[in-house]
Amino acid sequence: MFRCVCPGGKNDLIDLIKTVHEHKMQVYADLVINHNSGGDAEEFNPIDQQTRWTIFKPKSGKFLRDWKCFHPSPYETWDQETFGDMPDLCHRNPHVYTELLEYARWLIEAIGFDGFRYDCVKGYGGWMVRAIQELRGIRDEKGYKPYGVGECWDSDRKIQDWLNETNAWSDNPTGAFDFPLRYRLKDLCQVYGYSLRHLTEGGTVLKERPSQAVTFVENHDVVRGDSIITDKMLAYAFILTHEGYPCVFWQDYYTWELGQEGYKSGIAALVKIHEDHAGGSTSILYVDDDLYIMQRNGWGSQKGLIFVLNNRGNWHGTWVKTQWQNTKFVPMAWRGRDDTGVPQEKWTQENGWAEFWSPPRGYAVYIPQF
């Protein structure tokens, strides 16, 4: 998953989405339905005696709004939060509710989006996301279910509660960005002596609900003041080999040139491995403070892999028992700090055992050859 902004008008956006679809990719809209900015005029709210910019008169004539569309509203008064100076929308207002559903349907059918990133989901009820997820846009005369992922920027417990509320009785459940995992990965990259045992502990969406975890290293919010500044490729190697739906940050790939297409040490090589090999469940074959070896067990055409993460300042590895017997393994991606050495090919024995190594303060990904 990449995140980008499309300048231009409606037709430019439609053309962009068509081009992306031709390359067999999907496009998700950043759906901001917690708050509104850019009001046309201020007005007085008689419930709390405050004056706010809550009059909206779009030139399209669609989704006209006044103070009753925002909190506090005659329909609901509990939400006193604001985003900056922008009051939260009141989704209990039937006009707001139906207009948002119509907007989501329009984005799917008229514009061509395949799903939604739900912004700031802590600001409104999970039932609103569930209602949109239950929409059936029409594609090629067939019903189409949108993909969904929520930005619940909080602890694992809060994210779990939000997923439970949002996905209750839904036949099209949404996922969530794994913020707890991201901060562990930040520590992995930047904290000297970080124990790799922490990567196997609970308290992340990936650990508790791997099928609903959207994993990431950076995004447009955290990069502003909390970015990872050292050994960031360790984090990308982790999310692109493990379960979950990994998200690659555009600036990391292009602006900061971590993509490195045509080489084995960048994001591009890991994306290729993710697409072609990183299937099935996960088995931790070995872990201590400085060494972590994981096996993706494979599924369908994705035959699995061995991932080695090394926290030491020298080459490091050990013997592990894999699920493959008498099988050749070829290193397909690797990176080490201040070391350009290449990992060697490996063979598993008749009982599945083999010795896998990684460069210093780095990683290596081995692929079975059939």
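In what order do the 5 strands of the open sheet stand? Let me take that as my starting point, with the caution that what we have here is a predicted model, in which local features need pLDDT of at least 70 and side-chain atom pairs count only at pLDDT 80 or more, while totals for chains, interfaces and linings use all residues. Residues are numbered from 1 along each chain as its sequence is written, and side-chain values use heavy atoms, with hydrogens and water left out.

The order is β1-β6-β9-β10-β11, and the pairing is parallel; strands here are DSSP runs of E with at least two residues, helices are runs of H or I with at least four, and both are numbered from the N terminus. Two strands count as paired if DSSP finds at least two bridges between them. At the edges stand β1 (28-31) and β11 (213-214), and because each has a single partner strand, one side of each is left without a neighbour in the sheet.

Gly115 has Tyr147 as its bridge partner in β9, and Arg117 stands opposite Val149. Val149 in turn has Gly175 as its bridge partner in β10, where 2 bridges join the parallel strands β9 and β10.

Helices cover this sheet as well. Helix α3 (residues 126-133) lies across β1, β6 and β9 and runs at about 170° to β6, the angle being taken from 0 to 180 degrees between N-to-C directions, with axes fitted to C-alpha atoms and, for helices, over the stretch in contact. Helix α4 (residues 156-167) packs on the sheet too, touching β9 and β10 (175-177), and its direction makes about 155° with that of β10; contact means heavy atoms within 4.5 Å.

Most residues other than glycine have a negative phi, and most peptide bonds are trans. Is Trp169 buried or exposed? Trp169 is exposed, with a relative accessible area of 89%, where exposed means over 50%, buried under 20% and partly exposed in between, for a 1.4 Å probe and protein chains only.

The loop between β3 (50-55) and β4 (82-83) holds Pro72, which is joined to His71 by a cis peptide bond with omega of about -10°. Phe63 lies in the loop between β3 and β4 and has a positive phi of about 50°, but Phe63 is buried, at 14% relative accessible area.

Finally, I would like to turn to Lys346, in strand β17 (residues 346-347). Lys346 is buried yet has no salt bridge, and the nearest side chain of opposite charge, Glu355, is 4.9 Å away. A salt bridge would need a side-chain nitrogen of Lys or Arg within 4 Å of a carboxyl oxygen of Asp or Glu; Lys and Arg count as positive and Asp and Glu as negative, with His and the chain ends not counted. The side chain of Lys346 does, however, reach the backbone oxygen of Glu355 at 3.3 Å. Leaving aside residues up to four places away in sequence, Lys346 touches residues including Phe329, Phe356, Trp357 and Tyr366.

Notes:
A polar contact is a pair of N or O atoms within 3.5 Å; within protein, one must be able to donate a hydrogen and the other to accept it, and residues adjacent in sequence count only if both atoms are side-chain atoms.
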